[in-house]
Amino acid sequence: MNSIPPERSQPQAKRLVSGICIGVLTASAFGIGGYYLLEPMETMGASLFILLPVATGFATALVARGKAIIFASLVIALLICTAVLMLTGKEGWVCALMSAPLVLGGLALGALIGWAATQLMRNFRGRRPAMFLMIGALPFFLMGASNVEQQSQTTTRAETITNTLVTDASREVVWEQLKTFDRIQGTKGLLMTIGLPVPVSCNMSGEGVGATRTCYFEEGHIEERITEWNPPSTMKLEIVAFDVPGRPWLSFKDASYDLTTEGGKTMVTRKTTIVSILGPAWYWRPLEKIGVETEHEYLFEEVKRKIEVAK
């Protein structure tokens with residue numbers, strides 16, 4: 001049976017370890033450095049969530065040797081970058097989970113392009129200077145792409161999410177249950193379990209237009225001002241302040257409850273308008289919708305519970 005002599009296996013092991021170390025350092029530097037380079041921009045779009053992972057994968061593939069080393073370097077660096085951003089409060093589990101498909105896809109694409117580039121330059125005499133030149137140019141490419149993206153983003157993206165609750169209770173009964181929530185006891189879904197804000201109570205100060213309604217979460221609160229008051233049909237609220245922990249990529253603009261009667265049943269339509277700086281919109285819009293709908297369903301569950309108690 002053939003075996004690798006110890007004197008040959010040791011250099012191979014050293015090359016493997018050094019290759020992974022270089023790859024991890026490169027990927028981590030691009031991941032963390034690129035985030036802090038692009039994060040201060042007015043929008044967090046394709047430059048951050050797509051081009052930065054592509055650039056990270058590309059740079060790592062240029063300096064690491066072998067597909068296995070490239071893969072290991074990117075996986076380790078991804079864990080390091082995620083841990084750093086979470087420990088510094090820059091990101092949370094919800095954002096990390098939602099952005100994972102974009103980030104992983106970008107890393108894989110960049111690594112593939114980088115590996116192909118090394119194969120094409122394998123016999124090129126000036127390969128090493130060319131590789132360092134490409135790596136050095138990447139931060140400037142990212143900044144340029146981000147500036148173009150900012151200039152093309154002329155308006156802030158607003159989205160209105162709507163959900164409906166149907167109940168046998170009268171509008172008058174439902175209206176009373178909607179005004180305040182002494183204690184919200186819904187069932188937490190996955191997103192709430194890993195970091196989506198969890199509402200715990202809502203208190204109203206006064207009634208009618210101009211009155212305030214404050215909703216408290218496990219951490220932070222949202223303050224609302226009533227802009228339309230037509231019991232037991234319509235309640236519209238403007239979000240005037242909020243300090244719910246998390247990234248400032250999402251803010252709340254307004255909310256409303258509309259109560260209608262159809263076929264002897266009461267239909268409660270809850271609308272929430274959010275303002276987002278995340279892009280690309282085609283990717284983040286459905287995820288934002290899932291997040292807000294999770295909050296709506298959590299409140300509706302409490303409304304149903306209160307209605308049963310009021311009977």
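Helix axes are here taken as lines fitted to C-alpha atoms over the stretch in contact, with angles running from 0 to 180 degrees between N-to-C directions. In this predicted model, the axes of helix α2 (residues 46–63) and helix α4 (residues 93–120) approach within 6 Å and cross at roughly 35°. The crossing of α2 and α4 is right-handed. Classified by residue type, the contact of α2 with α4 comprises 15 nonpolar and seven polar residues, with no charged residues.

Helix α5 spans residues 127–152 and contains 26 residues. The distance from the first C-alpha of α5 to its last is 36 Å, close to the 38 Å expected at 1.5 Å a residue. A bend of about 30° is found in α5 at L138, and the proline P139 follows within four residues. L138 is also one of the buried residues of α5. An α-helix has 3.6 residues a turn, so residues three or four places apart point the same way.

Strands β5, β6 and β7 are linked by antiparallel pairing. Strand β5 (residues 234–242) is joined to strand β6 (residues 250–262) by five bridges, and L237 stands opposite A255 of β6. On pairing with strand β7 (residues 265–276), β6 forms twelve bridges, with L259 placed opposite V268 of β7.

Technical notes. Residues numbered from 1 in each chain as written. Predicted model: local features only at pLDDT ≥ 70, side-chain atom pairs only at ≥ 80, totals over all residues. Heavy atoms only, no water. Helix = DSSP H or I, 4+ residues; strand = E, 2+ residues; numbered from the N terminus. Expected span 1.5 Å × (residues − 1). Bend = angle between axes of the 7 residues up to and from the residue. Buried < 20%, exposed > 50% of the residue type's maximum accessible area, 1.4 Å probe, protein only. Left-handed = near helix turned anticlockwise from the far one by under 90°. Nonpolar A, V, L, I, M, F, W, Y, C, P; charged D, E, K, R; others polar. Pairing = 2+ DSSP bridges.
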